[in-house]
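Please find below a colleague's note on the model under review. It is set out as numbered points.

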Amino acid sequence: LLYAKFRRRARLIWTVHNLGPHEALTWRGGQIVWKSYFQLLRANLDGAIFMSERSRSMALAAFPDLAHKPYAVIPHGHFRDYYPRQLSRSAGREKLGIGANHKVFLFFGSMRRYKNVVALIRAFRQLHDANAVLVIAGSSGDTDYLDQIRRQAAGDARIALHLRFIEEAEIQEFFRAADLAVLPFVDILNSGSAMLSLSFDVPVLCPRKGSLIDLADALGPQWLRLYEGEISAAHALAFAALGL
């Protein structure tokens with residue numbers, strides 16, 4: 001970065017999608033290296049792009065040295081024109097083997113621990129509704145976490161696991177089949193997952209955190225339903241009252 005800036009005279013702009021790594025840096029000296037690198041990065045920024053006013057406020061609270069940097073607020077873009085989306089709802093469900101009368105909750109994306117998939121499965125299992133289906137789709141290099149997900153889902157035929165890389169052409173199958181996308185993230189500032197769901201006209205259940213609050217204010221509860229705290233059995237019971 002410094003070579004590009006000082007030798008190539010490039011401009012260094014940070015798009016502030018997150019405020020730091022989602023996973024803890026557990027290797028020896030990891031936190032020290034990250035803190036030093038990130039401080040050097042901020043000191044040499046020519047500007048920053050924030051995805052909402054709320055995320056800018058949160059960034060300035062965490063890193064006051066950003067206050068004097070030029071910036072722009074550019075909302076997170078959508079994906080409506082990027083992925084194929086010609087399938088009908090019935091066709092999407094047929095491809096996944098899901099009946100027309102089921103209420104389908106979808107988690108889609110990489111299986112990283114901060115995304116809290118195990119807690120989502122635990123909460124869903126508290127929902128005693130034979131017509132409810134939880135679809136979990138995505139891959140991970142964390143084999144231990146994938147094993148935790150499999151163990152938590154074992155024995156409940158309503159939970160469909162697709163623990164693999166989902167090709168671009170397949171993505172529409174999952175979102176066309178879904179009634180509601182669920183993002184049980186422990187921590188979040190901005191969310192490409194939420195924008196992907198909305199791009200397929202699928203409403204989202206997500207935590208009241210970060211830019212999702214601004215997005216919910218802009219779009220309304222018919223598109224974003226926010227909950228407080230960690231996803232739990234109480235939220236699972238609320239699933240049944242969504243009127244899907």
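1. The model is predicted: local features need pLDDT of at least 70 and side-chain atom pairs count only at pLDDT 80 or more, whereas totals for chains, interfaces and linings use all residues. Residues are numbered from 1 along each chain as its sequence is written, and side-chain values use heavy atoms, with hydrogens and water left out.

2. Helix α4 spans residues 89-96, and its residues Gly 92, Arg 93 and Leu 96 are buried. Seen down the axis of α4, the buried residues fall within an arc of 95°, so they line one face of the helix. The face turned away from that side carries the exposed residues Ser 90, Glu 94 and Lys 95. Buried means under 20% relative accessible area, exposed over 50%, and partly exposed in between (1.4 Å probe, protein chains only). The arc is that of the directions from the helix axis to the C-beta atoms. Helices (H or I, at least four residues) and strands (E, at least two) are DSSP runs, numbered from the N terminus.

3. The cover over the buried residues of α4 includes β4 (103-108), β6 (159-162) and α7 (171-177); contact means heavy atoms within 4.5 Å.

4. Phe 50 and Tyr 71 form an edge-to-face aromatic pair, 5.9 Å centre to centre with 70° between the planes. Rings of Phe, Tyr and Trp (its six-membered ring) pair if their centres lie within 6.5 Å; planes under 30 degrees apart count as stacked, over 60 as edge-to-face and the rest as tilted. Phe 50 lies in strand β2 and Tyr 71 in strand β3, so the pair ties together parts that are 21 residues apart in sequence.
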